[in-house]
Amino acid sequence: MIGRRIGGRYEILSRLGEGGMAIVYKAKDLILDRLVAVKVLRTELAGDEEFIKRFHREAESVASLSHPNIVAIYDIGEEEDCYYIVMEYIHGMSLKEFIRDYSPISISESVHIMKQVTLAIAHAHAHGIVHRDIKPHNILIDESEHVKVTDFGIAMAVSSATITYTHSILGSAHYLSPEQARGGKATVKSDIYSLGIVMFELITGRLPFPGTSPVSVALKHLSEPMPFPRDFRPDMPQSLENVMIRALAKVPLDRYKNVVAMYDDLKTALSPERADEKRLILDSGDETDDDRTIKIAPVRIDENKDQAVLPEQPAPNKNENAKVKKKSKARKWLTLTGLLILLITAGLIIGLILLPKLFYVNNVQVPDVAGKTFEQAQQLIENKNLSAVRKNQSSSTVKKGTVISQNPDAGTEVKAGTYVTLFVSAGSQEISVENYVGYDRSSLTTQLQDAGYKNIVWHGQESSTVPEGEVMRQTPAAGQKVVPGDTVLELTYSTGTPQVIVPDLRGKPKDEVNQLLQAQGLSADYSVGDFSDTVPQGNALDQDPAPGSKVAKGSSIIVLLSKGSQAQPKEIDQPIKVEYTGNGNGNNNGNGNGNGQNNGGGSPAHVQIYYTDANHNDALFADEEITQTKTYTIPFTINPGSQGSYRIVIDGNQVKTGTVDYPK
């Protein structure tokens, strides 16, 4: 499935996990460019028409739910006998993993989580949907402790085709209500009981009824009293324990009326007003209608004759007998009928008294035979008037022929003649290694916890093609026959695109910069930087990312090049000679070297000098009349790369212009 595109838009990226009915994949919605979770039904279920119809009906119902604490369903589809549901992708972990990793969890934090779960279930109930499979595995929590409930209604669509996938059903036995364990229909009250079990496990870190056999766990839910949570978590306020006592009542009528009522009680459980609350005691007990004793009228036993005796009948009246004699046929008929009724009644009474004694079977305790050979265990079982049934089970830890476990458990009281199933070790058994390539590491870690391998070793390896966290290789290979208890499973997963260290490029010329980056599999993106008095022009002045940073191989590094030292404005005193011609006509034959003619005695010449530099723009420097040649010194301020300029006007006529360069 990895790499396959479903529905023309959902590209499968990796495997997140699987259950008895479906496999869940991480995928990308190519149209909306977002990550989604795609649940694909197993191909073994595709042939069950009843399942398909009910599945579609339930999936469409759940798709109508819209709540911040419920995983949203985006799409439902079918493609080549592949039935799938597209759901919201949650980056986090299941509540089961959260309990395992962070227990004990603070009381306030636990209440915060449970309030979100109850709100989600209450919303579903308001829309006529009963979850039926509430357990920590179906509750997701992200890093900010925002809760999302998933797998709504799917359990209601299970048909006979899924019986073989028992491992998915066994996992729910710990959270099953007594009425469900008895085979009854799951209701709103059943969900409330399951919420109580989840709350019990969240706060105490353990299940109220642990056990390896789903049958034994179900029997405990039916018959054993619920342990008090405060026995395992003394710092819990009594008001909070009372919430669980109410939710976990054996009799549905004793539980909360609905989940909203449970939420309201939970909301105030930590309030100071309830600090002195007493332990809740339910008056109705655990007795159901089917368990109540039927009372019958007492029957007197004649101690001398050891027979049942009916109450004495009154003696017949003589007048009545006289009338009966007149009708002999009627009397005979009545007499025979009366005798027959008397015999039947006496027989029934004798049966009620004596038959139970004849058929009564004593109770016996099941002996503990775990660890014994089958022959020894069988003898101990038969000595207790019980019968042993052998079931072989592979085991890499228990010696062949030795009893691994038993059902019923040791110490259980049963009727004599009951069959006790003995699970006997058949020794180590080879299995075919599954294909783990394409799985996401986080989901696979949980899945492999109970796989029985001697050890599981993870190897991280960089990859530019395989998504981060996805398994790339495995040893032993998929399909290889191994004994799990003797096998080390090695899994290599992608750590993402290869990372390299960014070299220090500062102060280096472009040629050296290119060589350093190419050696690391990187490239340069050059830009003009700023002036620098220490870094020559054209050399690397700065870079981004900084030296020593880790970046993906193939990345581009921004390099800013120095513009070199920044030149400063300079002041220049520029001499300008104005020749006096003596005729006042504005002619100027001066060349600025003092060799012009000077004909004094003529009429005055009106001289105006304008100049432009860094600080002036065509500013008037001199405005006067002269009668002889004169040299003016103009103080220019010139910016680097710029010029100053001047112009000379005599008697209203511009006679000369010039420029002044920035000095080198």
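Two residues are said to touch, or to be in contact, when heavy atoms of one lie within 4.5 Å of heavy atoms of the other. In this predicted model, F152 touches V62, L65, I70, A120, I121, A124, I129 and H131, with residues up to four places away in sequence left out of the count. F152 also belongs to the largest nonpolar core, which holds 56 residues. Within that core, F152, M199 and L240 touch the most other members. At least three residues of the core come from domain 1 (4-88), and at least three from domain 2 (93-156 + 170-274). A second core of 19 residues is separate and includes I572, I626, I634 and V660. In soluble globular proteins, nonpolar side chains tend to be buried together.

For the protein as a whole, 14 helices and 32 strands were assigned. Of its 664 residues, 39% count as buried. Among contacts with a separation of 6 or more, 64% are between residues 24 or more positions apart.

Two of the helices, α6 (residues 188-204) and α8 (residues 238-247), were examined as a pair. Their axes come within 8 Å and cross at roughly 145°, and the crossing is left-handed. On the α6 side, the contact is formed by I192, Y193, G196, M199, F200 and I203. These residues meet L240, V243, M244 and A247 of α8. By class, the residues of the contact are nine nonpolar, one polar and no charged. An α-helix has 3.6 residues a turn, so residues three or four places apart point the same way.

Helix α8 is largely enclosed by the rest of the structure, because nine of its ten residues are buried. The buried residues are Q238, S239, L240, E241, N242, V243, M244, I245 and A247. They pack against α3 (107-126), α6 and α9 (259-267).

A buried residue was also examined in a loop. T402 lies between β13 (387-393) and β14 (403-407), in the loop that joins these strands. The relative accessibility of T402 is 11%. The limit for a buried residue is under 20%, so T402 counts as buried. Apart from neighbours within four places in sequence, the contacts of T402 are with G371, K372, T373, F423, V424 and S425.

How values were computed:
Residues are numbered from 1 along each chain as its sequence is written. This is a predicted model: local features need pLDDT of at least 70, side-chain atom pairs count only at pLDDT 80 or more; totals for chains, interfaces and linings use all residues. Side-chain values use heavy atoms; hydrogens and water are left out. A nonpolar core is a set of buried Ala, Val, Leu, Ile, Met, Phe, Trp, Tyr and Cys residues joined through side-chain atoms within 4.5 Å. Buried means under 20% relative accessible area, exposed over 50%, partly exposed in between (1.4 Å probe, protein chains only). Domain bounds come from an automatic or database domain assignment. Axes are lines fitted to C-alpha atoms, for helices over the stretch in contact, and angles run from 0 to 180 degrees between N-to-C directions. Helices (H or I, at least four residues) and strands (E, at least two) are DSSP runs, numbered from the N terminus. A crossing is left-handed if the near helix is turned anticlockwise from the far one by less than a right angle, and right-handed if clockwise. Ala, Val, Leu, Ile, Met, Phe, Trp, Tyr, Cys and Pro count as nonpolar, Asp, Glu, Lys and Arg as charged, and the others, Gly among them, as polar.
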